[in-house]
Structures are given as structure tokens and as C-alpha cells.
Amino acid sequence: MVRRVTIKKKEWFTDDIFGLEIYLPDIDPQPGQFFQVRVSTTYDPFLNRPISVASYKGGTMLMIIRVLGRGTKILSQKEAGEDLRVLGPFGKGLRVKKKKSLLIAGGIGVAPLLFLAQKMHGKRIEFDFVYGAKREKDLIKKSHILQIAKHAIFVTEQDRGKMTVLGALDMLDVESYDIAYACGPKTMLIELQKLNLPIPVYAFCEDFLGCGCGLCLGCAIMYKGEYKRICEDGPVFELKGISFDE
Amino acid sequence: MMKLFGITFKNRVFIASGVFGFGLKYKKVSNRVGAIFTKGITLEPRKGNAPPRVFETASGLINWVGLENPGVEKFCKDILPKMKKLRTRIFVNVAGSEVIDYERIVERIGGQVDGFELNISCPNVKKGGVAFGQDPKIAASVVARARTKTKLPLIVKLTPNFCDPLRIAKVCIGAGADGISLINTLYGMVYDIERKKPLITGGLSGPAIKPFALYCVNRLRGLGVPIIGMGGIMTGQDAYEFLLAGASAVAIGSAILRDPYAPLQIIKELKKYPPPPSSPSERGRIKEGEKKEYK
């Protein structure tokens, strides 16, 4: 059911990344889950935009969005007090495991991992956070991450000889972790897959979605030899099972 | 309540094939629409096309799903028993890559559903699909051969892509079709200007195609069989326009991608309008209690 909610707060984190807070008290979203956000009450743009949960506390949900195209541009023009129509939560939620974890975020891929980190922190699960972005100012919520992660490494392509988030993994003893969670651009996930880390890695995937709720079969991903729906079977998949070229 | 093909329907709002799976996820919606048209069913399982499969366009979208489905056997075994518990009419959308596929699927499913929709208009498959619906001889053959296998309502889903649906409709009715549904998606394409290659080629749907869909429905009115009109219906008013253009019922497609509950809103809104002028076709070709031999 489409819910009509009021934007409680809007915040710009950078010149193109912003957050919208809405109040949805009757849900219990899990990391990896997302909402389909209506962009326009007209039919152009036509489809809703899938936006992951970046934080949920006391009924208040934060969505962190980067302006990438027409849809997110229109969403960025919404202000506190305005209405927003959302559907969800959709997607399989991740069951947080009591294992020493490594969170790997690239760019706006940090958004769903912030929620995972929040859940882990709440359950007193130890985790480290590696977070990379193009520019220093694109690294958002740094102080928050420093507060809740045991260790945090921030890299940008501007410093340390253009270090990428995957380059930063060399600084870590990856084998000391039980599990890793990654979210970022497809190119980052492909490179991460090639590293063949000695621990299970779970990837938060994204795509253009049609319905977002498993009906239209529009968001296919080749996983362990068959097409799965990112929206309904995912969006979190074990990285080694994904074929990015099919 | 209304009657088409000699059977009763809760209302005139149906769910189009391909946007609602098998109606098992949002049962509240399934149980309140007049009918559900299943995702296209083929003889063998199909894994569907490689992504990207959907891309937004102005007031609509292009899809390139490619009839991903479990095949008729798995459908009959695992899905149909669950669908039968729904309180709505079930029409199976039948798709084939060979002419013989249609009759075999219809025969395999038999009398377990309320009717069939022969899909000779899918633009997203290499073999069959839209090519069958553009050729009057093949279209007639698909219908005639499926006709020998069932007495249930047989609807033919037509394409307006590079052919005149009126011409195809006439031969299909001559071959024994009980009704026509249209339009399937239009050919469409989006270019990737960086790679200088098409980003997606597939079927265009949504409000962008509504005026053309209405034109097609209006063109086919008066053929003496019920028409199920579809193409970009988002509101009760849109649905009513199709009814005025000659449709006996409408099917909702892309609107569901924005909101799975859209059909309920459309049903509610449609109630505000007076009943559409009755068409003689609504008595249907198969009258209740009448037994017909199709030999």
C-alpha cells in the first residue's frame, strides 16, 4: 500500500548527497531492505525509486540519496513538511550474525551499510568499517562511523596516492574477520569479487527496478546459474555466486 | 457483476499478463479484480533475457524481460493449485516459439482455468511472439489449432507493431477466437550515447502509449466479440475511456509497477461513471449452457 508520509527533516550532506527523514512507526525494517519512493504525482518520471534504509530509530527512518538523474533530482527538491509517498519495506532483510564483520562501502553504497552498522552496534557485534569515496567531502557520517565501528578506515581517490577502498583492504588482515558486507558501484563489486577474499562476502546490489516487489521480473541478476530478482530474492547476495557479465 | 464469454466476472477491471506474476503475492488485489491474466507460460521453462530488463522512458518504460517463466509442467504442478484458491477468474497467457506450442499448452492445462489468452504479440522473444501476430496466416493457424483443444474462452492478444490489428483480429475471430485483447507493448528503444549502442530494446508501455491503445481498441469495435482493452491505464477515467472506445473490460499493466494496489483504486474510481453503452458482443460467442464442438 502506498503510504503518504510527511518529510520530518531534510539535510544536505554534500552538494549532491542529501537525507530525508520520515516517520513510519509501524514497521521493523532490516538491513538491506528498501522503500520504493514515488518521485512524481504525474507520470513522468514514471517509476518509483528504490531507496535503502540508512537508519531506523524510534519510528524515524532516514534515507540517504545521491542526485544521479532526473528522479533523484526531483526528490532532492522536496523539503521538510512536504508529503512523500512510499511503498515498502521490500527486499529480504539481512539477519545480522554475531560474527566479527568487515563493512566495505564505496560512495553512496555507504547508505545501507550505515543501517547494518546501526543494527550491529545495537547488538554489540564487533565490526570494522572501510569507506571510500572520490573526494574527501563525499565521505558522509564520518564521525558517526568512528563512534560505532571498532576501527574505521576512510580513503579517497584524492589522497594516499589515489587509494581505492579495495586498496585499503591490503592494510587489513582480512582473515581475522568472519564475514564481510560490501556495497558500492558495480565496478567495485566486480573488483572485490576478483580479490577472492578468504571469508564470505555479501554484496548489497542495486539496479533499475520496475515494481520493486517481485512482480515484474525486471531486475534480474545471474546468481548461482539462474536469474534471481534483486528486489525480492535480494538485494543482498553472496558475492562469489554473482555473475556480473550475464 | 458482468458477463462475458458466458461467464460472470466481478467487474470489468482485469490484471494484464506479466506485471503481477501469478497473483499470489497480493491476494487482496487478486481477489477483487475481475480476472487475472498470468505471466506468459511456455512449453519449456524460460530463464528470460539478460539484464538490463527495464528502463524508464517518458511517461512509461521499456521492458526486455523475455517471458521468464517456469514452463507449463511446473506451472500446472506447483502454481496452478495455489491460483485456483484465488477468488477471481484465471486466464492463462500462452506463449509459443512454434505454432504447435500453443495447442500443447492449452491441452496440458485443460479445464483447470477460466480461459486462455494466446500471446502472439510479445516483442521480446527471438522465435514466435510478435512475429506470429503480424502474419495473418500464422495467427489464424495458432488460433484454429488451439481451438481444437479447448471449449473455454479463447482470447487472442494482439500487437499493433508494424501490422493492422483489425486485419489480424478478423482472421483470428474467423479461426474461432472468442475475444481480443490489445494492445501488447510497442517496439521501443533507448540509446546509450556514451557507448553509441542501444541500451535497451524491448516493449514500451505506460501512459505514453495510451492514446494509441485507445485508437486501436476503437478501430476494432463492432467485430462482434468482446475486446479487453489495455495500454497505459492509470485511473478510472482512463479505464472508462477504453470502455467508451469499445472495450468490454480493461486490463491494468504498468500502473501496477508504481503501485501493486492500483487496480483497486481504478475499480473504485470506475464506479463513479455510468455503465458504458452495452455492446451486443457482451453476450459473447459462447452462451451459458451451450455446448460447442470445435472440430
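Tutor: The discussion below sets values against definitions.
The model is predicted, so local features need pLDDT of at least 70 and side-chain atom pairs count only at pLDDT 80 or more, while totals for chains, interfaces and linings use all residues. Residues are numbered from 1 along each chain as its sequence is written, chains are lettered from A in the order in which they are written, and side-chain values use heavy atoms, with hydrogens and water left out.

Student: Why is A:Arg49 called buried?

Tutor: Buried means under 20% relative accessible area, computed with a 1.4 Å probe on protein chains only. A:Arg49 has 17% relative accessibility and therefore counts as buried.

Student: What makes the link between the side chains of A:Arg49 and B:Glu56 a polar contact?

Tutor: A polar contact is a pair of N or O atoms within 3.5 Å; within protein, one must be able to donate a hydrogen and the other to accept it, and residues adjacent in sequence count only if both atoms are side-chain atoms. The two side chains are joined at 2.6 Å. The side chain of A:Arg49 also reaches the backbone oxygen of A:Leu47, at 2.9 Å.

Student: How do you know that strand 5 and strand 6 of chain B pair?

Tutor: Pairing requires that DSSP finds at least two bridges between two strands, a strand being a DSSP run (E) of at least two residues, numbered from the N terminus. Strand 5 and strand 6 (residues 60-63) of chain B share four bridges in the antiparallel sense, and B:Phe55 has B:Ile62 in strand 6 as its bridge partner.

Note on methods
Buried means under 20% relative accessible area, exposed over 50%, partly exposed in between (1.4 Å probe, protein chains only).
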